[in-house]
Amino acid sequence: MTSNDTLFSAADSADLVALARALYPHDGLPDAPYLRTVASIESRASVEPALWHTLNDGLVELRGAADAAPASTDAATLQQLLRDREGTPFFRAIRQLTAWYLYDDHEVWAFVGYPGPSFSLGGYLHRGFNDLAWLPEPRIEESGLDLPEIGPLDSANPTVKAAS
Amino acid sequence: MTQYALDDTDVAVIIGSGPGGATLALQLALKGFRIVMLEAGPWVANEDFVNDERAAFDQLSWTDPRLATGSWALARNFPASPAWMGKVVGGTATFWTGLTPRFKNHEFRTRSVYGEIADASLADWPIGIDELASYYDRAEVAMGTSHRQGRPPMPANNNYKVLANGAERAGYRHYATGPYATNVEEYDGRPGTLQDGFCQQGDKSRAKWSPLVSEIPKALATGQLELRTNSQAVQVTLDAGGRADGVVYADEHGALHRQRAALVAVAGNAIETPRLLMLSGTSAHPDGLANSSGQLGRNYMRHTTGVVYAEFDQEVHMYRGEPMAGIINDESRHDPDRGFAGGYYMEMIAQGLPSFTTFMEPGGWGPDFTAKVEAYTRTAGIWICGEDLPRASNRVTLSATLKDHLGLAAPEVHSDDHENDLAMLEHAYAQGERVFRAAGSRRVTRAPAMPSGHNLGTARMSAAASDGVVNSYGQTHDIPNLFVSDGSIFTTGAAANPTLTIMALVLRQAEYITANHGSI
Ligand SMILES: Cc1cc2nc3c(=O)[nH]c(=O)nc-3n(C[C@H](O)[C@H](O)[C@H](O)COP(=O)(O)OP(=O)(O)OC[C@H]3O[C@@H](n4cnc5c(N)ncnc54)[C@H](O)[C@@H]3O)c2cc1C
């Protein structure tokens with residue numbers, strides 16, 4: 001997974017991938033984005049000693065506490081193991097970094113339906129910025145009514161007053 | 001570009017090229033002043049902006065060390081990054097969204113209108129809406145803001161259709177797509193919006209107003225302005241008589257230079273401005289320049305804020321079109337019957353997937369979280385923007401431990417939520433949820449504050465020198481040729497987004513400087 005295999009073994013990487021999926025499970029999302037996410041975390045840890053230490057330490061502790069390696073543990077069990085460790089530096093690091101890289105992965109964008117850059121395509125002016133049709137077309141001008149600056153809304157708006 | 005010598009003593013030095021500094025530069029340049037502008041960040045041209053949230057953040061933001069302390073959510077969620085500001089020509093407005101409501105009359109007189117509120121340092125401004133009205137007009141013209149001064153309204157995008165229909169069904173009446181400082185059609189030599197959705201990353205098309213596409217090039221064209229980029233002011237110096245006589249700044253290599261000056265205006269935004277004045281402290285001014293009142297750095301405000309996201313059964317695609325072209329004003333009034341003083345706006349918000357996943361539930365994970373992520377294209381958002389109360393103990397100070405790349409003390413930003421802020425936020429969350437449920441949402445999420453884009457109050461304006469740092473013209477009470485030209489000078493924060501008011505105040509300041517420069 002990383003060229004620096006003295007730092008992270010194949011088993012380490014497989015466990016981190018399983019944890020990444022347990023943290024941010026998306027049914028139907030292939031392994032590739034999770035693999036890339038873990039590769040990014042590992043390459044960062046390979047130049048940040050404190051991060052490497054935190055990850056390594058956390059993996060060792062987690063394996064000791066679990067019945068099997070994370071890579072061969074089901075998601076629900078892993079999620080419980082993670083929940084039990086929410087306050088730890090290991091959990092904080094792996095959660096934050098997994099979210100950071102996973103949701104910056106363009107395959108994940110496509111999976112969720114976020115298209116990314118738009119300027120080069122002319123924006124959305126002619127590509128559906130206003131294509132929502134399941135609600136009526138609203139007013140875009142400001143209301144002609146006076147808004148009181150101090151005190152309750154006028155009696156034209158009893159609903160709001162009642163609900164406030 | 002015009003160049004001035006470091007020992008030219010007759011120049012005005014303006015620190016910061018955001019809306020405050022750039023507005024002052026243009027007005028003074030038009031009147032023939034010789035101006036050096038120091039901007040800590042680089043010039044980034046519109047075509048070099050990137051349609052990518054992470055890359056754009058790194059390209060445009062102020063990422064020097066900061067530390068947040070106190071009970072506010074940001075000290076928990078983003079302690080190293082309590083505020084989001086620009087470090088680039090054009091300042092934070094290179095990636096602002098552009099809503100431009102004016103203050104209301106009573107928002108200049110909150111101590112009188114709201115009365116005494118415990119643990120708050122409310123005060124009336126030394127000026128009111130009448131003195132500012134004509135400057136508001138001019139600011140709206142300068143920005144070409146929609147719905148104002150003959151500019152057409154923004155069209156509705158999908159996210160707005162949800163907001164407006166929800167508002168209408170919830171009984172609100174005062175909603176619209178602006179005022180919003182982006183061109184609907186060609187104006188001031190800039191095109192109409194492409195509805196491309198990216199503006200918090202810098203607007204490549206130039207449809208959105210910012211100093212980068214307006215005041216800065218116009219000021220440069222006068223031949224009166226020299227803009228020095230990558231130049232971070234580190235000290236304002238005083239002469240023996242106690243007047244400002246220069247600014248020391250670090251260039252991109254960290255080498256220091258000293259520019260002499262006849263007048264200095266600081267417009268670094270409400271964290272860097274008080275920090276610079278504190279860093280400029282001398283044995284004669286140990287607590288920082290212009291701080292005889294002890295108010296410098298205090299009364300830090302950043303609006304009562306949070307986000308409501310809502311999922312719908314059908315598609316919204318909030319990322320399409322202008323991200324914040326929608327506002328509900330009904331709750332912006334002061335109505336103590338709601339259980340708090342002051343008011344708030346509900347403003348439309350849209351984010352790309354990276355920001356959405358970062359801010360929707362900071363620290364969130366697991367299947368509930370990913371279900372919300374998968375609903376991204378069916379999600380709409382409301383950003384809450386309400387008046388927060390000033391408190392003397394909410395303040396910017398110099399850190400005793402944290403340093404920046406120059407070895408200078410980093411700013412610490414301390415803020416505790418006032419109970420009035422919390423009551424307002426609770427009300428706003430509930431009303432935001434009502435709006436979205438009325439539009440048909442089945443699941444709503446309350447998100448906490450994002451790093452503050454509105455930063456105010458740390459060099460407060462006051463009539464008496466003992467109560468604040470500057471007078472109504474932003475002139476420091478202590479040093480007549482030292483001015484503050486940004487939101488630091490707000491006495492109180494009002495509910496409105498601040499930039500139009502910053503510009504109006506600086507337009508007034510520029511007239512004052514022009515009329516009185518012989519005597520200041
Ligand atoms: C995402 C986002 C959206 C926003 N949307 C809106 C909106 O819809 N409506 C609204 O009214 N406001 C909005 N704002 C706020 C708006 O951007 C600010 O109010 C406005 O930019 C403030 O202008 P300014 O000139 O005071 O400061 P800034 O724009 O922050 O400019 C300050 C400049 O000074 C420079 N500087 C600081 N210190 C030094 C130093 N020591 N030496 C040299 N240079 C220095 C900085 O690099 C920066 O370029 C938004 C902000 C954000 C982050």
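This is a predicted model: local features need pLDDT of at least 70, side-chain atom pairs count only at pLDDT 80 or more; totals for chains, interfaces and linings use all residues.
## Cavities

Residues are numbered from 1 along each chain as its sequence is written, chains are lettered from A in the order in which they are written, and side-chain values use heavy atoms, with hydrogens and water left out.

About 60 Å³ of space lies in the largest cavity, a volume being the space filled by probe spheres set on the grid points, which are joined across faces, edges and corners. Its lining divides into five nonpolar, three polar and three charged residues. Tyr309(B), Ala310(B), Glu311(B), Phe356(B), Met360(B), Lys372(B), Thr379(B), Arg443(B) and Thr445(B) line the second largest cavity, with β10(B) giving the largest share, three residues.

## Helix α4 of chain A

Helix α4 (residues 75–83) of chain A has Leu78(A), Gln79(A), Leu81(A) and Leu82(A) as its buried residues, buried meaning under 20% relative accessible area with a 1.4 Å probe and protein chains only; helices here are DSSP runs of H or I with at least four residues. These residues cover an arc of only 160 degrees around the axis, which puts them on the same side of α4(A), the arc being that of the directions from the helix axis to the C-beta atoms.

The buried residues of α4(A) pack against α1 (10–23), α3 (49–65) and α5 (89–102) of chain A, together with α10 (367–374) of chain B. At the N-terminal end, Asp74(A) caps α4(A), with a side-chain oxygen 3.2 Å from the backbone nitrogen of Ala76(A).

## Ser121 of chain B

Ser121(B) is placed in the loop between α4 (110–114) and α5 of chain B, and counts as buried at 16% relative accessibility. Its side chain reaches the backbone nitrogen of Arg391(B) at 3.5 Å. Leaving aside residues up to four places away in sequence, Ser121(B) touches Asn299(B), Pro390(B), Arg391(B), Ala392(B) and Arg460(B), contact meaning heavy atoms within 4.5 Å.

Note on methods. Buried means under 20% relative accessible area, exposed over 50%, partly exposed in between (1.4 Å probe, protein chains only). Helices (H or I, at least four residues) and strands (E, at least two) are DSSP runs, numbered from the N terminus. A polar contact is a pair of N or O atoms within 3.5 Å; within protein, one must be able to donate a hydrogen and the other to accept it, and residues adjacent in sequence count only if both atoms are side-chain atoms. On a 1 Å grid over the protein atoms alone, a cavity is a set of points where a 1.4 Å probe fits but cannot get out, and a pocket is an open set with protein on both sides within 12 Å along at least five of seven lines; lining residues have an atom within 4 Å of a point. Ala, Val, Leu, Ile, Met, Phe, Trp, Tyr, Cys and Pro count as nonpolar, Asp, Glu, Lys and Arg as charged, and the others, Gly among them, as polar.
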